[in-house]
Amino acid sequence: MKRLLITLLKVGISVGILAWLFVEAQRNAVFYDLWERPKRWGLLGAACGLEFLAVLVTLVRWHFLVKALGVPLPLRETLRIGFLGYLFNLAPMGIVGGDLLKAVMLAHRQPERRAESVATVFVDRALGLYVLFLVASGAMIVTGFWRVGDTAVQLVCKATFAVTVAATVAIAAALGPDLTRGKSTELVRKIPYLGPPLAKLIVAVRMYRHQLPTLTLATAMSVAVHSLFATAVYLIGAGLYDAHHTLGTNLVVSPISAVTGVLPINLGPFEGVLNFLYTAIPLPDGSRMASGQGLVVALGYRIGTVLVAAVGLAYFVAARQEVAELMEEASHEGVAPADELQTPDLSRIPD
């Protein structure tokens, strides 16, 4: 019953967001203007290419994290599992998430390294999210974005700085020696709602304490990934509108907007935040983009992600039966694979 209610909630939220996008399209003149406006197809094609490159770098990053824990997995298999996970992350209803599918597929191939397999997915997602904030904070400082006079924008900047600092301290503590011999993790686990997943994440990160070169490389790759995505959004804006935000502004705005994409839905939050920031921030000439133009740019970005997901669709068609069986396994296990992070076997990892 609980799983059914969660599924219905996801479906309801997705349908509601799609309805909101439809209403916005009907009410906003920018959608009609878009058809008449000349477009720079070369820039739009380049944006799609950058999105594909960003996803590819993300999968190679996960491959390094997998290898660092001694899980044998060829790169071609990493790409196959990764693109399938990317495809299922884009599924609007999100019944079986891509991260869960990746964890189940990897653990299925390496049952004796189940905890390590799940840890790689945990750390890969957490690292990507952390670097989102890191890139946004760095771009704010370099561009002086935090000086924008809009009160809401300043609030967003302060919140981003605060999360970046807090996350940096938490990661540093997790990578350091555990002087409490596990007691601190147990205290974190007792925190209502957030405690259990945070405790699992801490354990997962600690599995990489002796893999700092790999974590450093993965962090650098994450910076490249988010910079590529931000550049793609910039090129989409440049390809659709004569007056658009600079690359520096997009290096701030895109990561902030993408942070909302960690929710178990795949439409709406990113579009809404990007549209708000696009209209709230002055353009280089002092004017502002019309409400709805940011939504159009975000939808262009989404179209690019769908085109990239076509690679995962090809893998899915080639292995329908295998994926169907693993999807069934994942849907029954839910978040169960992550429970193994509570008591992982660390004997294979040097202390």
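Modeller: The crossing of α3 and α6 is right-handed. That word applies if the near helix is turned clockwise from the far one by less than a right angle, while anticlockwise makes a crossing left-handed. This is a predicted model, in which local features need pLDDT of at least 70, side-chain atom pairs count only at pLDDT 80 or more, and totals for chains, interfaces and linings use all residues. Residues are numbered from 1 along each chain as its sequence is written, and side-chain values use heavy atoms, leaving out hydrogens and water. Helices (H or I, at least four residues) are DSSP runs, numbered from the N terminus.

Two packed helices are described by the angle between their axes and the distance between the axes. Axes are lines fitted to C-alpha atoms over the stretch in contact, and angles run from 0 to 180 degrees between N-to-C directions. For α3 (residues 41-68) and α6 (residues 114-143), the angle is about 135° and the axes are 10 Å apart. The two are therefore oblique to each other. Angles under 35 degrees count as roughly parallel, over 145 as roughly antiparallel, 65 to 115 as roughly perpendicular and the rest as oblique.

Now take α4 (residues 75-89) and α5 (residues 98-109). Their angle is about 150°, with axes 7 Å apart. They are therefore roughly antiparallel. α4 passes α5 in a right-handed crossing. Contact means heavy atoms within 4.5 Å. On the α4 side, the residues include Glu77, Arg80 and Leu84, and on the α5 side they include Asp99, Lys102 and Arg109. The contact of α4 with α5 has 5 nonpolar, 3 polar and 5 charged residues. Here Ala, Val, Leu, Ile, Met, Phe, Trp, Tyr, Cys and Pro count as nonpolar, Asp, Glu, Lys and Arg as charged, and the others, Gly among them, as polar.

α4 also packs against α13, at about 125° with axes 8 Å apart. This pair is therefore oblique. The crossing of α4 past α13 is left-handed. Among the residues in contact are Phe83 and Leu87 of α4, and Val308, Val311 and Phe316 of α13. By class, 12 are nonpolar, 2 polar and 1 charged.

Finally, α13 itself. Residues 293-318 give it 26 residues, and it reaches 39 Å from first C-alpha to last, close to the expected 38 Å. The expected span is 1.5 Å times one less than the number of residues. α13 bends by about 30° at Val311. A bend is the angle between axes fitted to the seven residues ending there and the seven starting there. Val311 is also one of the α13 residues in contact with α4.
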